[in-house]
Amino acid sequence: MANIKSAKKRILQNIRRSEVNKIKRSRLKSMIKNLTLKINNKDSEQAKNLFSKLEPTLSKSVNTGLFKKNTVSRILSRMSKKIKNIK
């Protein structure tokens with residue numbers, strides 16, 4: 001454990017922020033899983049609705065540092081490609 005007060009505070013802040021990031025990351029991953037399930041079940045309408053909700057949240061996660069920009073663009077392009085090929 002750190003001796004300096006600011007270092008102790010920084011450790012506590014890091015713990016809190018990492019917990020919040022874990023929660024946000026797991027939510028996004030579960031949204032991606034739900035979307036892949038809808039795609040595999042060939043529910044095009046529900047898949048499009050989920051994708052329209054997933055796209056802005058993933059894009060915002062780049063700004064907060066949850067995911068890298070290329071990772072998000074790769075996920076979105078793969079999902080949109082799969083949705084287009086549902087027919």
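Mentor: The protein has three helices and zero strands, where a helix is a DSSP run of H or I with at least four residues, a strand is a run of E with at least two, and both are numbered from the N terminus. The model is predicted: local features need pLDDT of at least 70, side-chain atom pairs count only at pLDDT 80 or more, and totals for chains, interfaces and linings use all residues. Residues are numbered from 1 along each chain as its sequence is written, and side-chain values use heavy atoms, with hydrogens and water left out.

The order along the sequence is α-α-α. The radius of gyration is 17 Å, well over the 12 Å that the globule rule gives for 87 residues, so the protein is more spread out than a compact globule; the radius is taken over C-alpha atoms, and the rule is 2.2 Å times the number of residues to the power 0.38. The C-alpha trace spans about 60 × 20 × 15 Å along its principal axes.

The part to look at is α2, residues 44–64.

Lys 42 sits in the loop between α1 and α2. Its phi is positive, about 60°, although Lys 42 is not a glycine. With 60% relative accessibility, Lys 42 counts as exposed; exposed means over 50% relative accessible area, buried means under 20%, and partly exposed lies in between, with a 1.4 Å probe and protein chains only.

Next, Ser 44 belongs to α2 and is partly exposed, at 28% relative accessibility.

The 21 residues of α2 should span 30 Å at 1.5 Å a residue, and its end C-alpha atoms are 30 Å apart, which agrees. Its buried residues are Ala 47, Phe 51, Leu 54, Leu 58 and Ser 61. An α-helix has 3.6 residues a turn, so residues three or four places apart point the same way. The buried residues of α2 pack against α1 and α3, a contact being heavy atoms within 4.5 Å.

Ser 61 is worth a separate look. This residue of α2 is buried, with a relative accessible area of 2%. Leaving out residues up to four places away in sequence, Ser 61 touches Leu 28, Leu 66, Phe 67 and Val 72. Leu 28 is itself one of the buried residues of α1, along with Gln 13, Ile 32, Leu 35 and Ile 39. The cover over those α1 residues includes α2 and α3 (69–84).

Just after α2, Gly 65 takes a positive phi of about 90°.

For the protein as a whole, buried residues make up 21% of the 87 residues. Of the contacts between residues at least 6 apart in sequence, 51% join residues at least 24 apart.

How values were computed
The expected span of a helix is 1.5 Å times one less than its number of residues.
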